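Reader: Please show me the sequence and the structure. I would then like to ask some questions about them.

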Amino acid sequence: MRHRVSPPFQRGLNSPASFEGARTMLTIDNVNLHYGAAQALRGVSLSADMGKITCVLGRNGVGKSSLLRAVTGQHPTSGGSITFQGETLDGLAPYRRAKLGVGYVPQGREIFPLLTVKENLETGFAPLPARDRNIPDDIFSLFPVLQSMLSRRGGDLSGGQQQQLAIGRAMVTRPKILVLDEPTEGIQPSIIKDIGRAIRYLRDSTGMAILLVEQYLDFCRELADQVYIMDRGEIVHEGPAETLDTPEARRHLTV
Ligand SMILES: Nc1ncnc2c1ncn2[C@@H]1O[C@H](COP(=O)(O)OP(=O)(O)OP(=O)(O)O)[C@@H](O)[C@H]1O
Ligand SMILES: [Mg+2]
């Protein structure tokens with residue numbers, strides 16, 4: 001099924017028709033990040049292209065979420081630089097990055113349990129100018145359950161529905177890059193499929209860049225264009241999705 005793309009999604013983006021080859025959207029260069037004296041990122045470099053899904057894999061505690069916190073401004077970096085569409089993000093507050101087009105789906109979803117589904121989606125209006133403060137139809141084509149539950153409280157949704165809501169909320173902000181932290185964690189297979197379809201749709205229909213952190217290898221293998229593997233705060237492998245099946249890549253993923 002092909003979904004209609006509402007015009008706001010194409011604001012500032014190359015439509016697929018004019019889309020010629022990969023273009024770098026986000027460049028992370030030699031980034032360090034500390035929690036007190038503990039170093040969680042060590043000279044991490046990575047790039048994410050328009051119209052591509054870039055997947056970051058790695059075991060528990062290797063620094064995947066820290067990397068996304070560095071990109072979204074949730075935690076300051078202590079070295080290196082992050083550039084988004086040619087502009088530096090270094091030192092910018094999270095809301096400024098959201099305004100520039102960095103959409104974030106945090107690990108554990110972090111929806112507002114006491115707000116309704118509609119109100120949760122509307123929290124995505126914050127970085128938008130008044131004229132763009134509407135909920136794109138695509139969200140409901142991709143996740144029909146959200147439409148049928150608009151007046152239900154977020155906290156009363158199942159984990160899978162909350163994950164769809166978290167992705168929907170990020171879509172409301174009309175991101176140019178969507179950053180997702182383990183969207184399949186604790187989610188049943190049928191909803192994982194819907195989430196995979198949504199991510200692919202966003203890549204293919206809008207030219208959005210997707211930066212996806214995952215531990216679910218098959219999900220990554222199916223979706224990813226480019227993969228990175230992290231271990232102990234460092235990038236230890238980089239390549240096209242096919243390279244995930246090399247013994248060298250596997251070595252970094254097995255527990
Ligand atoms: N707020 C914090 N304060 C101190 N240390 C932290 C903090 N957050 C993370 N860490 C540590 O930093 C390291 C990287 O954590 P991070 O959450 O980035 O890992 P991860 O790869 O996302 O793990 P998981 O797959 O379990 O989500 C870990 O050793 C973790 O204990
Ligand atoms: Mg994490």
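**Salt bridges and ligands**

Author: Arg59 and Asp231 meet through their side chains in a salt bridge, at 3.1 Å from N to O. A salt bridge here is a side-chain nitrogen of Lys or Arg within 4 Å of a carboxyl oxygen of Asp or Glu. The model is predicted: local features need pLDDT of at least 70, side-chain atom pairs count only at pLDDT 80 or more, and totals for chains, interfaces and linings use all residues. Residues are numbered from 1 along each chain as its sequence is written, chains are lettered from A and ligands numbered from 1 in the order in which they are written, and side-chain values use heavy atoms, with hydrogens and water left out.

Reader: How many residues apart are Arg59 and Asp231?

Author: Helices (H or I, at least four residues) and strands (E, at least two) are DSSP runs, numbered from the N terminus. Arg59 is in the loop between strand S3 (53-57) and H1, and Asp231 is in strand S9 (residues 226-231). The pair links distant parts of the chain, and the separation is 172 residues.

Reader: Is Asp231 buried or exposed?

Author: Buried means under 20% relative accessible area, exposed over 50%, and partly exposed in between (1.4 Å probe, protein chains only). Asp231 has a relative accessible area of 14%, so Asp231 is buried.

Reader: Which residue forms a salt bridge with Glu122?

Author: The closest N and O atoms of the pair are 3.0 Å apart. Both residues belong to helix H3, where being four residues apart separates them by about one helical turn. The partner of Glu122 is Lys118.

Reader: What is the distance from an oxygen atom of ligand 1 to an N or O atom in the side chain of Ser66?

Author: A polar side-chain atom of Gln215 lies 3.0 Å from an oxygen atom of ligand 1. For the side chain of Asn60, the distance from an N or O atom to an oxygen atom of ligand 1 is 2.9 Å. For Ser66, the value is 2.5 Å.

Technical notes:
A polar contact is a pair of N or O atoms within 3.5 Å; within protein, one must be able to donate a hydrogen and the other to accept it, and residues adjacent in sequence count only if both atoms are side-chain atoms.
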